[in-house]
Amino acid sequence: MSLQAQKRRLADDASAGFVSRLWHFGAVTNPLNCLATAEELDAAEAAYVDDQSVTTLYESAFHPDTGDRIPLVGRMCFQAPGCAILAACMLVWHRSLPGTLFLQWVNQSFMAVCNYSNRNAADEAERDDVLAPYLGATFGSMATAVALKRSLPARWSVLVPAASISVASLVNVPSMRSGELRHGLVVEDARGDALEARSRAAAAFAVSAVTAS
């Protein structure tokens, strides 16, 4: 099924309401999908391609634009367990500056893989190099960690990882979506078909909302 066909299906299902779309999102991002074997993924891919049937297992492991299998670390269903492991490590080793810096680098590397794996490959304006956002976010998080470690009392060091990640996100999100800010988002009709138009205002609103959240 093509990307446009998926969008039309989602548009047709929009009348089902927010709850059903949220349920579908939860099924695709379910961490249990990480346990699927290669054989199960191959079967899901075959069913998806041959029968044009939509399976949440396929959608959790394959890129919607390229059809390539996404590495486990980059899949959205891995985000909950992956972030939980990183958060636990940050809380355990938050008193150590080398440990904090190392985990900030690991976290930003993890997020870079996730962002690249789930990029919009169908839109050339959004195929931006991930290196600059990755380096900017990594430097921002490490610099924040060092500054807070030196300025805050030791009893507040548990807050350093969260503050560092927040600063990294403030850098990472706008730079990662800079193509959308420059060229605008593709405008689609109610059926999900792309029109010959782009909206910079929509891009600015979307990026601002994600950055603020």
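Colleague: Which residues does Ala 44 touch, not counting residues up to four places away in sequence?

Modeller: The model is predicted. Once residues up to four places away in sequence are set aside, Ala 44 touches Thr 55, Leu 57 and Tyr 58.

Colleague: What is the pattern of the protein, read along the sequence?

Modeller: The protein has ten helices and two strands. Read along the sequence, these elements follow the pattern α-α-α-α-α-α-α-α-α-β-β-α.

Colleague: Are helix 6 and helix 7 roughly parallel or roughly antiparallel?

Modeller: The axes of helix 6 (residues 97–117) and helix 7 (residues 131–151) come within 9 Å and cross at roughly 155°. Angles over 145 degrees count as roughly antiparallel. The relation of helix 6 to helix 7 is therefore roughly antiparallel.

Colleague: How do the residues of the contact of helix 6 with helix 7 divide into nonpolar, polar and charged?

Modeller: The crossing of these two helices is right-handed. Helix 6 contributes Leu 97, Thr 100, Leu 101, Gln 104, Trp 105, Gln 108, Ser 109 and Ala 112 to the contact. Helix 7 contributes Tyr 134, Ala 137, Thr 138, Ser 141, Met 142, Ala 145, Val 146 and Lys 149. The residues of this contact divide into nine nonpolar, six polar and one charged.

Colleague: Is Asn 172 buried or exposed?

Modeller: Asn 172 is found in helix 8 (residues 160–176). Not counting residues up to four places away in sequence, Asn 172 touches Gln 108, Asn 115, Pro 133 and Ala 137. The cut-off for a buried residue is under 20% relative accessible area. With a relative accessible area of 11%, Asn 172 is therefore buried.

Colleague: How far apart in space are Val 173 and Ala 137, C-alpha to C-alpha?

Modeller: Val 173 is found in helix 8. In sequence, Val 173 and Ala 137 are 36 residues apart. In space, C-alpha to C-alpha, the distance between Val 173 and Ala 137 is 8.9 Å.

Colleague: Which residues of helix 10 make the contact with helix 8?

Modeller: Helix 8 and helix 10 (residues 200–212) pack at an angle of about 160°, with their axes 9 Å apart, and they are therefore roughly antiparallel to each other. On the helix 8 side, the contact is made by Leu 170, Val 173 and Pro 174. Leaving aside neighbours within four places in sequence, Val 173 is in contact with Val 207, Val 210 and Thr 211. The residues that helix 10 brings to the contact are Val 207, Val 210 and Thr 211.

Colleague: How do the residues of the contact of helix 8 with helix 10 divide into nonpolar, polar and charged?

Modeller: Helix 8 passes helix 10 in a right-handed crossing. The residues of the contact divide into five nonpolar, one polar and no charged.

Technical notes: Residues numbered from 1 in each chain as written. Predicted model: local features only at pLDDT ≥ 70, side-chain atom pairs only at ≥ 80, totals over all residues. Heavy atoms only, no water. Axes fitted to C-alpha atoms, helices over the stretch in contact; angles between N-to-C directions. Helix = DSSP H or I, 4+ residues; strand = E, 2+ residues; numbered from the N terminus. Parallel < 35°, antiparallel > 145°, perpendicular 65-115°, else oblique. Left-handed = near helix turned anticlockwise from the far one by under 90°. Contact = heavy atoms within 4.5 Å. Nonpolar A, V, L, I, M, F, W, Y, C, P; charged D, E, K, R; others polar. Buried < 20%, exposed > 50% of the residue type's maximum accessible area, 1.4 Å probe, protein only.
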